[in-house]
Amino acid sequence: MKKVLIIDDSPMLREHIKSIFSKLDFEVILEASNGYEAVESYKKYKPDIVTMDIVMPEENNIVDGIDALKRIKEFDSSAKVVMITSKNDEEKLLDAVKAGADAYILKPIHQEKVLKVIEQLKAM
């Protein structure tokens with residue numbers, strides 16, 4: 001079973017994403033609420049896929065999801081990271097892609113969107 005790490009500052013959204021991945025036969029190994037927890041959890045558990053909100057509170061000098069993404073990719077360049085955002089902000093999405101994001105999902109999140117991204121990641 002593939003493992004996923006879900007990072008979002010909203011507990012309700014983490015639970016929603018977790019339920020979608022569970023239906024798709026993934027094991028959610030951990031949830032995190034900020035970029036610092038994201039980086040530390042990735043290093044410890046090395047999941048198959050990471051979902052990460054772009055906008056999160058600053059914690060221990062990690063200012064947002066893009067900063068956390070950069071640190072995860074520095075640690076493991078093969079990490080599969082899917083960025084999630086509620087804002088259709090092309091500049092932030094472009095920054096995420098430049099930082100190494102493998103895919104992104106715009107909120108609201110639906111199972112079909114997640115399945116499509118998983119298929120994209122398999123093709124990589």
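Two strands are taken to pair if DSSP finds at least two bridges between them. By this criterion, the predicted model contains an open sheet of five strands in the order S2-S1-S3-S4-S5, with parallel pairing. Strand S2 (residues 26-32) and strand S5 (residues 103-106) stand at the edges of the sheet; each has a single partner strand, so one side of each is left without a neighbour in the sheet. From one strand to the next, the twist averages 20 degrees. The pairing of S4 with S5, which run parallel, rests on four bridges. Within this pairing, Met83 has Tyr104 of S5 as its bridge partner.

Helix H3, which spans residues 65-75, lies across S3 and S4 and runs at about 180 degrees to S4. The N-terminal end of H3 is capped by Asp64, of which a side-chain oxygen lies 3.1 Å from the backbone nitrogen of Ile66. Ile66 is itself one of the buried residues of the helix, together with Gly65, Asp67, Ala68, Leu69, Ile72 and Lys73. An α-helix has 3.6 residues a turn, so residues three or four places apart point the same way. In H3, the buried residues include Leu69, Ile72 and Lys73. The packing partners of the buried residues are helix H2 (35-45), strand S3 (49-53), strand S4 (81-85) and helix H4 (90-98).

A search of the whole structure for aromatic pairs finds two. In one of them, the ring centres of Phe21 and Phe26 are 5.1 Å apart and the planes stand at 80 degrees; because planes over 60 degrees apart count as edge-to-face, the pair is assigned to that class. Both members of this pair are buried: Phe21 has a relative accessible area of 3%, and Phe26 has one of 10%. Tyr42 and Phe75 also form an edge-to-face pair, with 6.2 Å from centre to centre and 85 degrees between the planes. Since Tyr42 belongs to helix H2 and Phe75 to helix H3, this pair ties together parts that are 33 residues apart in sequence. Tyr42 counts as buried, at 3% relative accessibility, whereas Phe75 is partly exposed, with a relative accessible area of 39%.

Tyr42 is also in contact with Pro47, a residue of the loop between H2 and S3. Pro47 has a relative accessible area of 6%; this value is under 20%, and Pro47 is therefore classed as buried. The C-alpha atom of Pro47 is separated by 9.9 Å from that of Val81, although the two residues are 34 residues apart along the chain.

A further loop residue, Asp8, lies between strand S1 (2-7) and helix H1 (11-23). Asp8 counts as buried, at 1% relative accessibility. A polar atom of the Asp8 side chain lies 2.8 Å from the backbone nitrogen of Ser10. Beyond its neighbours within four places in sequence, Asp8 is in contact with Leu13, Arg14, Ala32, Ser33, Asp53, Met56 and Lys107. Of these contacts, Leu13 and Arg14 fall within the residue range of H1.

Technical notes. Residues are numbered from 1 along each chain as its sequence is written. This is a predicted model: local features need pLDDT of at least 70, side-chain atom pairs count only at pLDDT 80 or more; totals for chains, interfaces and linings use all residues. Side-chain values use heavy atoms; hydrogens and water are left out. Buried means under 20% relative accessible area, exposed over 50%, partly exposed in between (1.4 Å probe, protein chains only). Helices (H or I, at least four residues) and strands (E, at least two) are DSSP runs, numbered from the N terminus. Contact means heavy atoms within 4.5 Å. A polar contact is a pair of N or O atoms within 3.5 Å; within protein, one must be able to donate a hydrogen and the other to accept it, and residues adjacent in sequence count only if both atoms are side-chain atoms. Axes are lines fitted to C-alpha atoms, for helices over the stretch in contact, and angles run from 0 to 180 degrees between N-to-C directions. Rings of Phe, Tyr and Trp (its six-membered ring) pair if their centres lie within 6.5 Å; planes under 30 degrees apart count as stacked, over 60 as edge-to-face and the rest as tilted.
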